[in-house]
Amino acid sequence: MNQPSHGYRVRWLGVAISFYAFIAIGVAEGGLGVLLPSILTTYQLTPATITLLFLSQVIGYLVAALSSSLLSSQLGLARLLLLAATLLAGCLGIYAVVASWPLMVATGVLFGLGIGWIDAGINTYLANDQRNADLMGILHAFYGLGALLGPAIATTLLALALNWRQVYLVFAVMVGILVLALLWAVVTQDRSLTTKLDTAAPSARASLRLALKMPVILAASLFLMVYVGLESSLGNWAYSVQTISRGTPELVAGYSVSAYWFGLSLGRLLTGRVVALVGAVKSISGSLALLTVGLLAWWLLPGQLLSLPLLGLALATIFPTTIWLMPQRLPAHLVPGAISLMTGLAGFGAAVIPTAVGWLADRVGLESIPVMMLPLVVLMIGLHYWLSQIPASSAAPPAS
């Protein structure tokens, strides 16, 4: 009787740390959109030049994409996550004190590494065991909760006359709590996260090489790269669109960005039920249709604020459901390499696409940003249709 109880406790300790880790990275990423205008003013930047901060993260994301499955197989998940969280906390601490814009840009590499390793490691940890399928949507709901808290915390602290550097110090403390939790897991050798991920058949390196050669993995990776780029573009630029272009009061605009992330969190909490009712593939199809409607409303009806939470709700199921489908579409030994590549390229999209949007908006105006999102949705619809034609693995349950 004691053994099952212990196994249950061990599993949920790892899940609890995973959930908080996603809150922490959500706060770190979600808060940036509200802080962008302040950073623009401090360093006298434009929407184009501030995107150098996004670009600097690309290097970190790419390294994380190519190395996460290899490192997790050698170090164990807890040590990899401890390294990633330490880098992320250090990066946010540097943001809080650095006076040099080039140094802040260079520090973005640490940000990309930290976010990328946490994202890939935890997604693989949960997706590798299909008993955790119901937890995938909840995991990403916790990211949405963090991304909701980030703008809300930043808006509130700015309204209380704190500056953006002090906001980043608060974010660093929140990630620091994750560092302490992971340090405890490593020191006590808690089995919930210290077990090395099963990447031995074939090796993690061979799994990643095979992943790079499979069209289904490349298409799914491109799909998530575009998706996360769109999600990040909305999170990063919506506040600037609302305040600078549309004249929305700063407090209202800040909390409307939090409403966007609230819609994302709510949708991800409902992901398991929606997938159970209509299937994974149809869930993504419905999300893409709702996403199109939300973007048209944000573009054509600029005076209303309901489109932002609607967009969050539309985006909610796409990422966790796509990750959850991969063990059904692939042999088990390819899943770690596939998820490493998918989450790494997703992080790449989170840096590159908002950067491209910023450069274009600098030339044609911030009001063009809602229009720029529509071609991305069209590309996602095409990729989703192609992926939906691929049958599930014979060893796995049906995809829809």
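Salt bridges, burial and a kinked helix

Tutor: In this predicted model, Arg268 and Glu231 form a salt bridge, with their closest N and O atoms 3.5 Å apart. The partners sit in distant parts of the chain, Arg268 in helix α11 and Glu231 in helix α10 (residues 215-245), 37 residues apart.

Student: Why is the pair of Arg268 and Glu231 called a salt bridge?

Tutor: The cut-off between a side-chain nitrogen of Lys or Arg and a carboxyl oxygen of Asp or Glu is 4 Å. The closest N and O atoms of Arg268 and Glu231 are 3.5 Å apart, so the pair is within 4 Å and qualifies. Both Arg268 and Glu231 are buried.

Student: How many salt bridges does a search of the whole structure find?

Tutor: The search finds two. Glu367 and Arg246 form a salt bridge too, with 2.6 Å between the closest N and O atoms.

Student: What makes the pair of Glu367 and Arg246 a tie between parts of the chain?

Tutor: Glu367 is in the loop between α16 (335-364) and α17 (369-388), while Arg246 is in the loop between α10 and α11; the parts tied together are therefore 121 residues apart in sequence.

Student: Why is Arg246 called buried, and why is Glu367 called partly exposed?

Tutor: Buried means under 20% relative accessible area, and partly exposed lies between that and 50%. Arg246 has 18%, so it is buried. Glu367 has 28%, so it is partly exposed.

Student: How do you know that Thr155 is buried?

Tutor: Its relative accessible area is 6%, and because the cut-off is 20%, Thr155 counts as buried. Thr155 lies in helix α6 (residues 133-159). Beyond four places in sequence, the residues that Thr155 touches include Val34, Glu250 and Tyr255.

Student: What makes Ser56 buried?

Tutor: Ser56 has 8% relative accessibility, which is under 20%, so Ser56 is buried. Ser56 is in helix α3 and, leaving aside neighbours within four places in sequence, contacts Val105, Gly108 and Val109.

Student: How do you know that the span of helix α3 agrees with its number of residues?

Tutor: Helix α3 (residues 52-75) has 24 residues, so at 1.5 Å a residue it should span 34 Å; the end C-alpha atoms are 32 Å apart, which agrees. There is still a kink of about 50° in α3, centred on Ser67. Gly76, with a positive phi near 90°, follows α3.

Student: Why is Leu313 called partly exposed?

Tutor: Its relative accessible area is 34%, between 20% and 50%, so Leu313 is partly exposed. Leu313 is in helix α14 (residues 307-315) and belongs to a nonpolar surface patch that includes Phe262 and Leu266.

Notes:
Residues are numbered from 1 along each chain as its sequence is written. This is a predicted model: local features need pLDDT of at least 70, side-chain atom pairs count only at pLDDT 80 or more; totals for chains, interfaces and linings use all residues. Side-chain values use heavy atoms; hydrogens and water are left out. Helices (H or I, at least four residues) and strands (E, at least two) are DSSP runs, numbered from the N terminus. The expected span of a helix is 1.5 Å times one less than its number of residues. The bend at a residue is the angle between axes fitted to the seven residues ending there and the seven starting there. Patches are made of residues with over 30% relative accessible area and no salt bridge: like charges are joined within 9 Å, nonpolar side chains (Val, Leu, Ile, Met, Phe, Trp, Tyr) within 5 Å. Accessible areas come from the Shrake-Rupley method with a 1.4 Å probe; for residues, only the protein chains shown count as cover. Buried means under 20% relative accessible area, exposed over 50%, partly exposed in between (1.4 Å probe, protein chains only). Contact means heavy atoms within 4.5 Å.
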